[in-house]
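Hi everyone, thanks for coming. Let's have it up on the screen.

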Amino acid sequence: MIKVENLSKKFGKHQILKNIDLEIKQGDIYGIIGMSGSGKSTLLNLLTDLLTPDTGKISYKLSELNNFYQLSQKPEEIKKLFGYSFQDPSFHSMLTVQENLEHFATLYGLPKKFGIENTNVLLKLVELDEAKHSLGKDISGGMQKRLCFACSLIHSPKILFLDEPTSNLDPVLRKETWDILKKINKNGTTIVIASQLLTELETFCDRICIINNGEIIKEGTVDKVKQEYTSNIEIHLESLPGNYDVIIQELKEKNLPIPRTLIKESKLIIYTPEAEKVLHTLLHIIEKNKETLLDIDLNKPSLAEVFESLVSKK
């Protein structure tokens, strides 16, 4: 759907992005991850033609049967692919929800009949049909976010670009927002999201890229990124009386593949690439030392842990 090759961007002498390569596939929810100032928003602005790259190229596929084209080759067709909702609200506060959608339909040049049809479909999709006569300024923050999504979808774009779509929302509203985004994606819209909320991106994204100091340091599915970071599984153990130093010592004596252990609060965390083998031995040690097992769990490192580790190495 989108192919980025050797993309770079400077502002003055400050290098914002450097030699970016990535590909976003049709139907993906694609996450762009990075700290503030890493270049996430600049990349979104380049992808949506709000900025021009200094070097490199961005190509777009208009349909599954088409080749990739640059914006200069088919500007009108490619721009129709885009819908975007960035951090600043795009709706008009003194228009009703329905009037906002009809206004954006006019801006995109939709025939009145299609504008009305799309408005009615989107009001249901983003669950604002009961608030359609309310002014934009009078609806909640979560509803305003959904109105922005609807305005950006009024012309039926194939790609929706979002910058921090759940920022400044409480956990309940964030979940509601992601439920709406999943519905939008299920309807066939590719979604590209820049965000710092890694737990959300880990749960909902098909693929991600991690940007640090203007460069992509990891790209792929969430599982692939985590696998490339480490092959270790985490065994989380909680027991009483919790003589974890004794347990660690006995594990070491067995010469098992355990590169690292960590005592964190009331738990022992064991890192190993051979979780089944270590777990079998661990349970015997617990029984032998008359430890009461309270909880045991197997985990992969979270995306947040991977991100923090990768960024700290650079």
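Before we start, one term: a residue is called buried under 20% relative accessible area, exposed over 50%, and partly exposed in between, using a 1.4 Å probe and protein chains only. By that rule Asn6, with a relative accessible area of 40%, is partly exposed.

A word on where this comes from: the model is predicted, so local features need pLDDT of at least 70, side-chain atom pairs count only at pLDDT 80 or more, and totals for chains, interfaces and linings use all residues. Residues are numbered from 1 along each chain as its sequence is written, and side-chain values use heavy atoms, with hydrogens and water left out.

Let's stay with Asn6 for a moment. Asn6 sits in strand E1, residues 2-11; helices (H or I, at least four residues) and strands (E, at least two) are DSSP runs, numbered from the N terminus. What is the phi of Asn6? Phi is near 55 degrees there, a positive value in a residue other than glycine. Most residues other than glycine have a negative phi, and most peptide bonds are trans.

Asp49 also has a positive phi, about 65 degrees, although it is not a glycine. You'll find Asp49 in the loop between H1 and strand E4 (55-61), and at 30% relative accessibility Asp49 is partly exposed.

And for the peptide bonds, look at the one from Leu240 to Pro241: that bond is cis, with omega near 5 degrees. Pro241 belongs to the loop between strand E11 (233-240) and helix H9 (244-253).

Now for the overall layout. The domain assignment gives domain 1 (2-227) and domain 2 (231-312); such bounds come from an automatic or database domain assignment. Taken over C-alpha atoms, the domain 1 and domain 2 centres are 40 Å apart. Thirteen residues, written 13, from domain 1 and ten residues from domain 2 make up the contact, where contact means heavy atoms within 4.5 Å.

How much area do domain 1 and domain 2 bury between them? About 1,100 Å², with 78% of it on carbon and sulfur atoms. Buried area here is the accessible area (1.4 Å probe) that two parts lose on being put together, summed over both. On the domain 1 side, Leu198, Lys226 and Gln227 supply 43% of the area buried against domain 2, more than any other three residues.

Between the two domains there are zero salt bridges, a salt bridge being a side-chain nitrogen of Lys or Arg within 4 Å of a carboxyl oxygen of Asp or Glu.

Next, a buried residue: Ser38, at 5% relative accessibility. Ser38 is in the loop between strand E3 (29-33) and helix H1 (40-47). Which residues does Ser38 contact, leaving aside its neighbours within four places in sequence? They are Ile16, Leu17, Ile211 and Gly214.

My last stop is His103, in helix H3 (residues 97-107). His103 is partly exposed, at 28% relative accessibility, and touches His92 and Leu95, not counting residues up to four places away in sequence. The C-alpha atoms of His103 and Leu197 are separated by 32 Å, and these residues are 94 residues apart along the chain.
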